Amino acid sequence: MSLKNQQAYQPLPSAVAAMDNPAMSNSSSSSGSNDDVADLVQSRLPPTYSSQQLVSSDSDSMERQHLRGSNIVPGVPATSHKQWFAVAVLCFVNLINYMDRFTIAGVLTDVKKTFAIDNDSAGLLQTVFVLSYMVFAPLFGYMGDRYSRRWLMVVGVALWSTTTLFGSFMKTFGGFITFRALVGIGEASYSTIAPTIISDLFVDSMRSKMLALFYFAIPVGSGLGYIVGSKTAELAQDWRWALRVTPALGITAVVLLSLLKDPKRGESEGVEQVERASFCVELKDLLKNRSFMLSTAGFTCVAFVTGALAWWGPNYIHLGLKMQPGNENLKQEDISYKFGLVAMAAGLIGVPLGSALAQYYRTRIPNCDPYICGIGLFISAPMVFIGLVLARSNGALCFLFVFIAQVALNLCWSIVADILLYVVVPMRRSTAEAVQILASHALGDAGSPYLVGAISTAIKNKMLAQSRTVDSDVIKSMSQLAENATEIVTDTLRLRSAEDVYTFESLQYSLFSTTFVEVLGGVFFLITACYIIKDKARATAAVRADNDLRLAPDNELSLVPNPTYSKTLFDAEYLANYTDIALRERA
């Protein structure tokens, strides 16, 4: 390095140098553990590059920016029109994505009547969709880290729009459920890739805000699915037309996605395209990331509860309110409409509130993110229980407690996504998204609609069997009165009424399981808080070390702890072992 360049560098205070990566500086600057790890990496890397930074020299600053290959300069939070366009398009597609996913839930009663199916088969409709979704998510995650993300999303959105449209014309339950499974393949391509594009466009608090905007579309889109589905079916007098709304919007989404610019992976953090490790190596590294695995476990519980309540909520409330005097002719569409409004309102408040709380407390409590998610689940659990109990007696209070429960549950969405992005290095984020989707859906909302429906059906059949036994004894003891035709009709009506009660109560008992799952999820998030500071610091140090290696001249690579990483991204396992040993040496 020339003498001129050496003089242009000035040492930074350790508190600033410890978090050279702007993606983590907001939440880690007050953490002693983060400072220790960053200082250790700085102390073992070439001092000219790891603990010093360009200051007054404009030409040198421009040279460093050019070397980083990034158009986003740390400390300059300007947002371009292209970035806003990208976020708007991704949010729009996410909105119609979840509209499509929950349209059937808004017309579930009509679907059950058309195909003559019970609760277990009705829950299977959502389960096969999520199963195909989760199976293909790792494939699209693998491709999303290696190929054009824009065209992968274009193909995926076109696929789910087409299969949704074709599915609406199926006359048999087998054909209908097959196309629902194909819809999951298309949606898997988009959901695994879109968050990583946002992470490559923004850093620090701006990334958190954009992720909140992106995940804000999930509860709002779900609510619109109920509303659009129920009202379209009511206007057209055919529930199949409800499934033909999102394919029309999907055509617009395909056109907009084709105009999207795919940023370089890690662009916002100054990471250039580097050689890839094998998929097995990346997967092994993710499985050893405790914050990632524990937050994924907590998010799986969120997915389980969300899937069960979103699928069965309108149907359950309709059953409860219909048993109240004067509500005998209550329509499912009216309840789905109200449930959709509640879901939208909860999303409008819950998702931004979670992001705002995280950004506020990160400067005071470095590991606040998992705490907020855990507390949200602990609040949501009793609210769900109370709402389930009130569904039969007071509709207004039932919707109120459902609203509070969903607001608390929605606190998690953007925060969990943010956790993944700052504990995983940029080149592995699509893979990490795919792994999280696979785990959360496999053990979460893939099985919860079917599981709740199956348990409900089993409980109801048991109740009906016991009821018939009792009725048989009563009829034998009153055989003289059974000759009266009027009493026979009355007895039949009473049995029908009893069956409605058993249907409601069996579904209620089955849905109570969601409250226990929420508590379990809260525990997982609290355990995550024990490891997140250290894992965040490791990911930060890995990005910084990679940047330093790329900027260091070849004759100075011998000063780097392991020069074999000069052509590829630092292996997270190596860096973790290296920093752990160094921390013990300092102690």
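**A note on pockets, salt bridges and cavities**

1. The lining of the second largest pocket divides by class into five nonpolar, eight polar and eleven charged residues. Here Ala, Val, Leu, Ile, Met, Phe, Trp, Tyr, Cys and Pro count as nonpolar, Asp, Glu, Lys and Arg as charged, and the others, Gly among them, as polar. This is a predicted model, in which local features need pLDDT of at least 70 and side-chain atom pairs count only at pLDDT 80 or more, while totals for chains, interfaces and linings use all residues. Residues are numbered from 1 along each chain as its sequence is written, and side-chain values use heavy atoms, with hydrogens and water left out.

2. Staying with that pocket, it holds about 710 Å³ of space, and of its 24 lining residues T109, H318, L319, K322 and D500 lie nearest the centre. Two or more lining residues come from each of α8 (108-115), α15 (290-322), α16 (332-361) and α22 (485-511). The largest share, five residues, is given by α22. On a 1 Å grid over the protein atoms alone, a pocket is an open set of points with protein on both sides within 12 Å along at least five of seven lines, whereas a cavity is a set where a 1.4 Å probe fits but cannot get out; lining residues have an atom within 4 Å of a point. Grid points are joined across faces, edges and corners, and a volume is the space filled by probe spheres set on the points. Helices are DSSP runs (H or I, at least four residues), numbered from the N terminus.

3. Now to the charged pairs: the count comes to seven salt bridges, each a side-chain nitrogen of Lys or Arg within 4 Å of a carboxyl oxygen of Asp or Glu. One of them joins D118 and K460 at 3.7 Å, N to O. Because D118 sits in the loop between α8 and α9 (119-144) and K460 in helix α21 (residues 448-477), this pair ties together parts 342 residues apart in sequence. D118 is partly exposed at 29% relative accessibility, and K460 is buried at 10% (buried means under 20% relative accessible area, exposed over 50%, partly exposed in between, with a 1.4 Å probe and protein chains only).

4. R362 and D418 also form a salt bridge, with their closest N and O atoms 2.8 Å apart. R362 is buried at 5% relative accessibility, and D418 is buried at 4%. A further bridge, E505 to R392, has an N to O distance of 3.4 Å. E505 belongs to helix α22 and R392 to the loop between α17 and α18 (395-410), 113 residues apart. Shared partners join R362, D369 and D418 into one network of salt bridges.

5. The largest has a volume of about 550 Å³, and of its 36 lining residues Y98, I218, F299, T306 and W413 are the closest to its centre. Its lining has 22 nonpolar, eleven polar and three charged residues, with α15 giving the largest share, seven residues.

6. The second largest cavity holds about 140 Å³. Its 15 lining residues include L309, G313, F339, L388 and V402, which lie nearest its centre. Twelve of the lining residues are nonpolar, three polar and none charged. Here α15 gives the most, with six residues.
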